[in-house]
Amino acid sequence: MEEIEVPQYFICPISLQIMNDPVTAITGITYDRESIEQWLFNNKNSTCPVSKQLLPRDSDLTPNHTLRRLIQAWCTQNASLGIVRIPTPKPPLNTLQVLKLLKHLHHHKTFVQLELLAVENDRNKKCLLEAEVPRAMIIFIINCYRNNHIQKGLQEALSILQFVKIPKKEWPLLVKDHDQIMDSLAWILCREGLENSVAVKSHALLLLKKIINKGDTCHVLERLKPEFFETMVKILRHGVTQQGTSAALHVLLSASSSTRNRIMMVEAGVVHEVVEIEMGAPEKRVTELTLAILFHLCCCANGRAKFLSHEGAIAVVTERILKVSAAVDDRAVFVLAMVAKFSGTKVVLQEMLKAGSMAKLCMVLQADRAKYLKDKAMEILKEHSELWSDSPCFPRSSFCAYVPY
């Protein structure tokens, strides 16, 4: 087959392929639109790949129509050699087009169009953000809640809020202006019979996580109600997607930093559900979240009581030590420390012995772990060695290796 010589100026400097949609940056260099947008948005670069000059992500990319027509003509001339003519690209989305779409939110197809635009590329996401589409979606979700009616478009609205990245500095004001969004999301989570229920609730949980992580955390967390935690318990019990469950645990972990919330979480049954999740041997990140939540909830007497009321709690926390990560070891040892110190009845201490807690604590002393954690393990062992030492389950040799007995 005859070798085809492609004119050099038809080639994108980034992809080294013939350009489908040539655009010229403010530096005067022409690139294929997809390649330069990926360079700027996905790879988060701020310089021109060729000239190395400053190229802000919000700078204009001007379509090079003349070059595109030349490429198309050349493709047509070389069609007999197997060259496929590049199609004329559709004009890029602009803010005015989005604003026109927002006038038709009473049609379900408008939400579908907006979601497709959000998925298509980063340029569209930027355009949707400039047109304040996220704010419009939040208002729509709140209106569903106020009217106590699930409208067509809810799933797409939640999905759009995942795709369009709202700058972190804008979240606090957005939540403050629409302070019913938390109640609205909790309402969605407790609804039965939703179409595509798992997907809708997973999106709602991911949005909750974003609001708590990026919004005014104190303002959001101090407004949570008992019903919110009861809903979260139902979500954990009945399950959603893995991503949704992880988001729910993130939300609960953030909430558990407050004493007020800890009390409500314990009363709602969070301790039991978190232990149940952990007994299912989840992935590493989920275990880190569940142990961190248990640590916070075991800081209060009722939390420890609920923990001890689950027959598998001590055993599963003990089993995780030195099996998952240093973060899990930290939380697990401190959970056992609080249980032994503040709720350490003879029955509880015997249960810890049978579950192998003492053996694991002795292993911590021998492991490559931080000094403070070894000190905490030693503190537990010393404090209760008198009771435990009479048992055949007590790891006497390991203990004596570190403390003269």
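Which residues form one aromatic cluster? Select Tyr9, Phe10 and Trp74: together they make up that cluster.

A quick word on what you're looking at: this is a predicted model, where local features need pLDDT of at least 70 and side-chain atom pairs count only at pLDDT 80 or more, while totals for chains, interfaces and linings use all residues. Residues are numbered from 1 along each chain as its sequence is written, and side-chain values use heavy atoms, with hydrogens and water left out.

Searching the whole structure turns up 7 aromatic pairs (ring centres of Phe, Tyr or Trp, the latter by its six-membered ring, within 6.5 Å; planes under 30 degrees apart are stacked, over 60 edge-to-face, the rest tilted).

Next, pick Phe111 and Phe140. This pair is tilted, with 4.6 Å centre to centre and 45 degrees between the planes. Phe111 belongs to helix α4 (residues 108–120) and Phe140 to helix α6 (residues 133–146), so the pair ties together parts 29 residues apart in sequence. Helices here are DSSP runs of H or I, at least four residues, numbered from the N terminus. Both Phe111 and Phe140 are buried (under 20% relative accessible area with a 1.4 Å probe, protein chains only; exposed is over 50%, partly exposed in between).

Now jump to Phe334 and Tyr372. Their ring centres are 6.3 Å apart with planes at 40 degrees, so this pair is tilted. Phe334 is in helix α19 (residues 326–342) and Tyr372 in helix α22 (residues 371–388), so parts 38 residues apart in sequence are tied together. Tyr372 is partly exposed, at 45% relative accessibility.

Last stop: Arg331. Arg331 sits over the face of Phe295, 3.8 Å from the ring centre, and also over the face of Phe334, at 5.9 Å (the cut-offs: NZ of Lys or CZ of Arg within 6 Å of the ring centre and within 35 degrees of the ring normal).

Terms used: Helix = DSSP H or I, 4+ residues; strand = E, 2+ residues; numbered from the N terminus.
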